[in-house]
Amino acid sequence: MQRIESHGLSRRGRAHDDNQDHYAIATLNKSLRLHRTNLTLDDDTRVHGNNQGHLFLVADGLGSGTQPDRASGVAIDSIVTYVLNEMPWTHMMGAEPEDVRIALMDAVRNAQTDLRRRSTTPGPDMGATLTLAFLCWPDLYIGHVGNGRAYLHREGDLERLTTDHTVAEVRAQIGGQVEPAKQPVLWNALGGRTLDVHPEVQHFELRENDTLLLVTDGVARERDESRIRAVLEGNGAAEELCQNLVDVDGQDDRTAIVVRCLPTDRSGCVETHVDPSALEEGSQEPVPSMLKRIGRAILRVPAFRLAQ
């Protein structure tokens, strides 16, 4: 099976007292717990099946709304919970792409409902952008709301997989222009003052040696695509690539997840490396091997930056 190396990193921008970005990296697999047995295993041993997929998410709280740091955390928590408890991910290997697209769109719509429900202020002001990747090798699904971005680096070429959900992007597509002050204005985001959300979910196929990148708009603003391409062409470990992308002095918070599709391991195992390092000083530590369980299905979250 394909080996996947991934790493996530987030840095607070100078303009903010708190980091308004959050991210999560998760591996999905089946398990069962042996309560009693006369096999050469201890009682209550958990036996794990093969990996069923990988989930990667980045979210950015909207500074124009209330509690932007909490909003991005709620968005990711909602997606993780929905994928684990509601989405039939154990049957997604080899599923029809349209079925997976619909399931992921439902997950994003559920996050919209959660954000509005969990807002602690009168009115639906808590909002966030969200970019997610759901990988069941070789099938890749990119879900997207707002102006975070997903990129694919393949054989020296960099392709942007998402379209910014901004007024400026819409006008650019029809040959129009927007005054600079209105260029970052979003027409689509989670929460906020709109009742509806319009998730965009696309299907791609990955290849060995591909590199996938998810970033919040703080990275896209500080690093143009030529610089992003140069970083990814460095062919370093995922951790090194993340550091090169986010460790730049900037006003906005910067978050990146790098996913490298390594050459096939002949042992048939899937190998995943994720963020082992702490975040910036004062932030919550990643929770290693955090498990959420329902029945025989578990979601292992080895890298998780989520505010309380």
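Modeller: One term before we start: a polar contact is a pair of N or O atoms within 3.5 Å; within protein, one must be able to donate a hydrogen and the other to accept it, and residues adjacent in sequence count only if both atoms are side-chain atoms.

Colleague: Thanks! What kind of model is this?

Modeller: This is a predicted model, where local features need pLDDT of at least 70, side-chain atom pairs count only at pLDDT 80 or more, and totals for chains, interfaces and linings use all residues. Residues are numbered from 1 along each chain as its sequence is written, and side-chain values use heavy atoms, with hydrogens and water left out.

Colleague: And what pLDDT does the protein average?

Modeller: The average is 81, and 80% of the residues score at least 70. pLDDT is the predictor's confidence in each residue, from 0 to 100.

Colleague: Where does pLDDT stay under 50?

Modeller: That happens over residues 268–297, for which the model has 89 contacts beyond four places in sequence. Contact means heavy atoms within 4.5 Å.

Colleague: Let's pick a residue. Where is His-144 placed?

Modeller: His-144 sits in strand 5. Helices (H or I, at least four residues) and strands (E, at least two) are DSSP runs, numbered from the N terminus.

Colleague: Why does His-144 count as buried?

Modeller: Because its relative accessibility is 2%. Buried means under 20% relative accessible area, exposed over 50%, and partly exposed in between (1.4 Å probe, protein chains only).

Colleague: What does the side chain of His-144 reach at 2.6 Å?

Modeller: The backbone oxygen of Thr-163. A polar atom of the His-144 side chain also lies 3.5 Å from the backbone oxygen of Gly-148.

Colleague: Which residues does His-144 touch, not counting those up to four places away in sequence?

Modeller: Among them are Leu-130, Thr-162, His-165, His-198 and Pro-199. Pro-199 is 55 residues away along the chain, yet the two C-alpha atoms are separated by 5.8 Å.

Colleague: How many residues of strand 5 are buried?

Modeller: 7 of its 7. In a regular strand the side chains alternate between the two faces of the sheet. In strand 5 both faces are covered, with Asp-139, Tyr-141, Gly-143 and Val-145 on one side, and Leu-140, Ile-142 and His-144 on the other.

Colleague: How many bridges does strand 5 have with strand 4?

Modeller: Those two pair in the antiparallel sense over 7 bridges; to pair, two strands need at least two bridges found by DSSP. A hairpin with 2 residues joins them, and Ala-133 stands opposite Ile-142. Strand 5 is also joined to strand 9 (residues 200–205) by 6 bridges, again antiparallel. There, His-144 faces Glu-200 as its opposite number.

Colleague: Switching topic: which residues touch the most other members of the largest nonpolar core?

Modeller: That core has 38 residues, and the ones with the most such contacts are Leu-57, Ile-79, Met-87, Met-92, Leu-130, Phe-134 and Leu-190. A nonpolar core is a set of buried Ala, Val, Leu, Ile, Met, Phe, Trp, Tyr and Cys residues joined through side-chain atoms within 4.5 Å.

Colleague: Which element gives the most to this core?

Modeller: Helix 1, with 9 residues. In that helix, 14 of the 18 residues are buried.

Colleague: How far apart are the end C-alpha atoms of helix 1?

Modeller: They are 26 Å apart, which agrees with the 26 Å that its 18 residues should span at 1.5 Å a residue. The expected span is 1.5 Å times one less than the number of residues.

Colleague: Now strand 10: are its residues buried or exposed?

Modeller: Strand 10 (residues 211–215) has 5 of its 5 residues buried. Strand 10 runs antiparallel to strand 6 (residues 149–154) over 5 bridges, where Leu-152 has Leu-212 as its bridge partner. Another 5 bridges join strand 10 to strand 11 (residues 254–262), also antiparallel, with Leu-214 opposite Ile-257.

Colleague: Last one: where is Arg-260 found?

Modeller: In strand 11. Arg-260 counts as buried because its relative accessibility is 16%. Its side chain makes a polar contact with the side chain of Glu-5 at 2.5 Å, and a polar atom of the Arg-260 side chain lies 3.4 Å from the backbone oxygen of Gly-236.
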